[in-house]
Structures are given as C-alpha cells and as structure tokens.
Amino acid sequence: MTFSADFAYETRPVRVVFRPGASVTAVPEEAQRLRLRRLLVVCGSRGEATARAVAGALGDACVGLHAEARMHVPVEVADRAVAVARAAGADGCVAVGGGSAVGLGKAIALRTGLPLIAVPTTYAGSEMTPVWGLTEHKVKRTGRDPVVQPRSVVYDPELTLTLPVPLSVTSGINALAHAVEALYAPDTSPLVSLMAEEGVRAVAEALPRLAAEPDDLDARGRALYGAWLCGTCLGATTMGLHHKVCHVLGGTFGLPHAETHTVVLPYALAYNAPAVPQALAALCRALDTEDAPRALRDLSVRLGAPRSLAELGFKEGDLMLAAEQVTGEPYPNPRPVTAEGVLGVLRAACEGQEPTVSL
Ligand code: NAD
C-alpha cells in the first residue's frame, strides 16, 4: 500500500464519555466540568421519557425540557427553541435523541453561542460534527461552524436498546456511509482512514447481532462505538456523491434520511469504486469481502432494510430532476460526476438492482 505524506488533520475540543448508564451518571458531571448551571434539555416528542430522566439527573441545573425537535430542523422549530432557551436564561443545552434532536441543539448553539452537550440515541453521527442544518420553505441549508460542535458527547448504549431493529439497521448503514465517503474524501488522512475502517468493521459486525437479539447490550455498544468513529470521520472530512444524492432525495423529494442512505450507498460506492482502490481495499478488509458494494447491499437486504428508492416512494419520473440537482452544484468526488453517471446511480437505486462496478 502506498503512503500519502500529504495531509492535514484537525481535532476539535470535544470530550467523549462512553458507558452503559452514562446518560444519567455522566451528564451532570459533564455539565459541572463545563461550569454550566442552567441547562435546557431538548428532544423529540418520542424521546421525551429518556430526556426527562436526563433532566431529572441534572436536578437544579436543568431549567426546562423542550420536546419539539423535528426532522431536518424547520426554521420555526429552531426559532421557538431559541426563544425558550433565552426565556429560561439557559447557559447551555443538552440534546437527547437522534440527529433531529442534536440538530435542534445545534440550531440553538448557532444563534445563541450556548455550549451543547449531546446524548445521541441513534447512529446518525451528527454529535461529532460542526455541521448544522436548517429547513425553510422546503429547502435545507447546511453550514459548518465550530460553535455548534457539542463540547461533550455522552454515549449510553442502554438508550439504544429501544431503537427499533429496522431503524437500527438503516441508522447503522447511515453511519457506514460517513466512513465510506471519508475514506476517499479530498481531506482524508491516515487517522481518518483508521477510524473509518474500524468504524465499518464494528457497525457491520454489530448490526446482524442486534437484529437477531435487540436486547444484546454488547452488540448495541459495539454499534454505537462504530457510529462514534463513523461520525468522527464525517466531522473531519468533506463528503462526496453519496451524501449529495441523499441530500437531494431528502430535501427535494422528502425521502426518509437513514433509509435513503441505506438504499443509495452500494450504488454510489460502485460508481466511485474504479477511482478509489485504497478505500475499496480498506472496506473489503472491514467487511471481509472481495466486493464491498455488493457486501453492503447484502448486509442491508439480509437485515430486512428497504431495497429500492421506489419502495421509499420515489417516482421514476423524477429521475431526471434529481440527477440534474445532484450534478448542478460542485462538490468533491473522486470520480468525475457526470449527468449520465448520476442518472445511472439513481436508476439502479430506484429499481434496487444488484450494484455493479463499471468503468
Ligand atoms: P431522528 O433523530 O429523526 O430519529 C428517527 C426516529 O427515531 C425519531 O422518531 C426518533 O424519535 C426515534 N428515536 C431516536 N432514538 C431512538 C431510540 N433510542 N429509541 C426509540 N426511538 C428513537 O433521525 P436520525 O436518523 O438520527 O437523524 C436524522 C437527522 O439528522 C436528519 O435531519 C439529518 O440531516 C441529520 N444529520 C445531521 C448530521 C450533521 O452532521 N449535521 C449528521 C447526520 C444526520
């Protein structure tokens, strides 16, 4: 394997605490370390019971619970949460939940500068990134700002025991997508490659185990550990074709986040494969296969995940529009992004074909 002695790697000041039960035992300690005494806890409506336990553990250091997080952070939801944080005199925020809850915490941090503690309950990985997103008039804007990067992240595998198996599978493959694209990102580095390969290995190994035995805390812990690594890769690099395709399918066509990532990933990887031999070799090692795109598809199909975009409600008649949007803006990708190439990826994903690598 050749070694590239040309890279930059930046670490941001984030403390990670990982242990079963940490959501109630470690969050108050993290608040103390950060000298925060007036925390607003935010979550989605389905995560309220868990968030209430975290709020209870914070005791007097909690000034409120705001259970209004929604997918893709609509701007009016962010506005309300900011107003609630200001009215409560909050000096920090704790986000408990998946990418949607963490996204709301980030929106508060973006507008107020308040420090954020994240307690993730899915494998989406947003807690490890400085990327925020806000949706207005059906258009999702994203940006990078170090102020939204959580200062502490508390991973508690026990919280993921309630994550239904179908969502565990698709959320896990959403995590894999971050590692896959980090391996061939223009700003990848040796440390990112190590984390990506280990993250893929951990998640891919854990998903079949937790699908067979959802209460297996060891498998849950391994999946969450892998998701942490994959999320770190996402935060450290610039994503390519796969994430752009999913962004368009989610933003313009309203397709569900984790499921869309799950369906598209094998085809995006098959498209890029000829241009990224080293990334492919790392993925083959991690997945114990000689055909990484096919292994990814086999994994998700074996675990009952959706196979095609058509199953997710995408219409064949929208293929051209989606392909135009994906090719419309510049973003880094190891293989040149052509209209024909993108259309091929989208068509294959729409129909749920076997992924094939073509030059
Ligand atoms: P989500 O947060 O919307 O959660 C999906 C569903 O699962 C919700 O109904 C939620 O209530 C439920 N849920 C979450 N954890 C659960 C648990 N432990 N048990 C039972 N139910 C649970 O979805 P997500 O996939 O985690 O996140 C997707 C969102 O995050 C998207 O908006 C995406 O754009 C964003 N995201 C942002 C970044 C970033 O870096 N900014 C990274 C990844 C994802």
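Is W228 buried, partly exposed or exposed? I looked this up first in the predicted model, and with a relative accessibility of 25% W228 counts as partly exposed, since buried would require a value under 20%.

**Entry on helix α8**

I noted that the structure holds 3 aromatic pairs. In one of them, that of Y225 and W228, the ring centres are 6.2 Å apart and the planes stand at 55°, which makes the pair tilted, because edge-to-face would need an angle over 60 degrees.

In helix α8, which covers residues 217-236, I also looked up T232. Its relative accessibility is 13%, so T232 counts as buried. Leaving aside residues up to four places away in sequence, I recorded that T232 touches M128 and M195.

**Entry on a second aromatic pair**

I placed F253 in the loop between α9 (241-251) and α10 (257-272), and F314 in the loop between α12 (292-302) and α13 (319-328), so the pair ties together parts that are 61 residues apart in sequence. Both F253 and F314 are buried.

**Entry on the whole protein**

I next stepped back to the fold, where I counted 14 helices and 8 strands in the secondary structure. The radius of gyration is 20 Å, close to the 21 Å that the globule rule gives for 359 residues, so I noted the protein as being as compact as a globular protein of that length. Along the principal axes, the C-alpha atoms fill a box of roughly 60 × 40 × 40 Å.

I looked up burial for the chain as well, and buried residues make up 55% of the 359 residues. Of the contacts between residues at least 6 apart in sequence, 76% join residues that are at least 24 apart.

**Entry on surface and charge**

The protein exposes about 15,000 Å², and I noted that carbon and sulfur atoms supply 53% of this area. Finally, I checked the charges: there are 32 positive and 37 negative ones, and the mean positions of the two sets are 5 Å apart.

How values were computed:
Residues numbered from 1 in each chain as written. Predicted model: local features only at pLDDT ≥ 70, side-chain atom pairs only at ≥ 80, totals over all residues. Heavy atoms only, no water. Helix = DSSP H or I, 4+ residues; strand = E, 2+ residues; numbered from the N terminus. Rg over C-alpha atoms; globule rule 2.2 N^0.38 Å. Buried < 20%, exposed > 50% of the residue type's maximum accessible area, 1.4 Å probe, protein only. Contact = heavy atoms within 4.5 Å. Areas by Shrake-Rupley, 256 points an atom, 1.4 Å probe, with all protein chains shown as cover. Lys, Arg positive; Asp, Glu negative; His and termini not counted. Charge placed at Lys NZ, Arg CZ, Asp CG, Glu CD. Phe/Tyr/Trp six-rings, centres within 6.5 Å; stacked < 30°, edge-to-face > 60°.
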